[in-house]
Amino acid sequence: MAQSAYLLGLISDTHGLMRPEALDALQGTDLIIHAGDIGDPAVLESLATIAPVRAIRGNNDRGAWAANFLAAEVVELGSHSIYVLHNLMELDLDPAAAGFTAVVCGHSHKPAVEKRGSVLFVNPGSAGPRRFKLPVTVATMTLTFGRCEAHVVPLRLTPLSRKR
């Protein structure tokens with residue numbers, strides 16, 4: 001992808017549930033990053049109908065289907081490098097010193113966008129089964145020359161999908 005601006009879809013913690021609302025929220029993205037706890041390879045197949053997908057393995061991704069996914073990955077787009085891992089508590093490098101623009105993680109199911117020095121940390125939250133009273137969300141990230149911004153996107157659930 002050699003272009004001047006990118007719109008990324010960020011999703012995590014689907015745990016095998018691909019909500020139609022999440023697919024709708026990610027329409028128009030250039031690339032989708034799944035930050036782990038995929039739960040079922042069919043989730044990635046659904047996402048791939050929208051845009052290319054890069055995914056990492058979460059702590060609940062087990063079995064033969066998950067063996068080929070790395071625990072962490074670097075996604076490079078234009079002048080930006082994004083470090084992707086599932087659990088932020090397992091970050092074992094200094095992202096600013098390593099030259100990363102952003103760190104994308106999941107695991108906690110808590111959506112967050114936080115700038116720490118020169119690095120943007122993004123957790124898209126969980127798009128899978130509702131956990132406790134946490135919102136069901138994805139996120140988008142816009143990359144342009146010298147800029148990186150992200151926004152959490154709450155999913156508007158239908159009455160049927162609210163039960164999951």
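Two strands are said to pair if DSSP finds at least two bridges between them. With that meaning in hand, and keeping in mind that this is a predicted model, one can begin with β1 and strand β2 (residues 31-34), which pair in the parallel sense over four bridges. Within this pairing, Leu10 has Ile33 of β2 as its bridge partner.

These two strands belong to an open sheet of five strands, whose order is β3-β2-β1-β9-β10 and whose pairing is mixed. The edges are taken by β3 and β10 (147-154), each of which has a single partner strand, so one side of each is left without a neighbour in the sheet. On average, and with direction ignored, neighbouring strands of this sheet are turned by 20 degrees against each other.

How many of the six residues of strand β5 (residues 80-85) are buried? Six of the six are, so the strand is largely enclosed by the rest of the structure. In a regular strand the side chains alternate between the two faces of the sheet. In β5, His80, Ile82 and Val84 point one way, whereas Ser81, Tyr83 and Leu85 point the other way, and all are buried.

On the β4 side, β5 pairs with β4 in the antiparallel sense over six bridges, and in β5 it is Val84 that stands opposite Glu73. The hairpin formed by β4 and β5 has two residues between the strands, and in this hairpin Gly78 takes a positive phi near 55 degrees. Strand β6 (residues 102-104) also pairs with β5, in this case in the parallel sense and over three bridges; here the bridge partner of Tyr83 is Val103 in β6.

## Salt bridges

Side chains of opposite charge can pair when their charged atoms come close. A search of the whole structure finds three salt bridges, and one of them joins the side chains of Arg54 and Glu73 at 2.5 Å, N to O. Arg54 lies in strand β3 (residues 53-55) and Glu73 in strand β4 (residues 72-77), so this pair ties together parts that are 19 residues apart in sequence. Arg54 counts as partly exposed, at 29% relative accessibility, while Glu73, at 19%, counts as buried, because the cut-off for a buried residue is under 20% relative accessible area.

Another salt bridge is formed by the side chains of Arg116 and Glu114, at 3.4 Å, N to O. Arg116 is partly exposed at 38% relative accessibility, and Glu114 is likewise partly exposed, with a relative accessible area of 38%. The side chains of Glu149 and Arg147 also meet in a salt bridge, at 2.1 Å, N to O; Glu149 is partly exposed at 33%, and Arg147 is partly exposed at 48%.

## A loop residue: Thr14

Is Thr14 buried or exposed? Although Thr14 lies in the loop between β1 (6-11) and α1 (20-25), Thr14 is buried, with a relative accessible area of 0%. Leaving aside residues up to four places away in sequence, Thr14 touches His34, Asp37, Ile38, Val43, Ala127, Gly128 and Pro129.

Technical notes. Residues numbered from 1 in each chain as written. Predicted model: local features only at pLDDT ≥ 70, side-chain atom pairs only at ≥ 80, totals over all residues. Heavy atoms only, no water. Buried < 20%, exposed > 50% of the residue type's maximum accessible area, 1.4 Å probe, protein only. Contact = heavy atoms within 4.5 Å. Salt bridge = Lys/Arg side-chain N within 4 Å of Asp/Glu carboxyl O. Axes fitted to C-alpha atoms, helices over the stretch in contact; angles between N-to-C directions.
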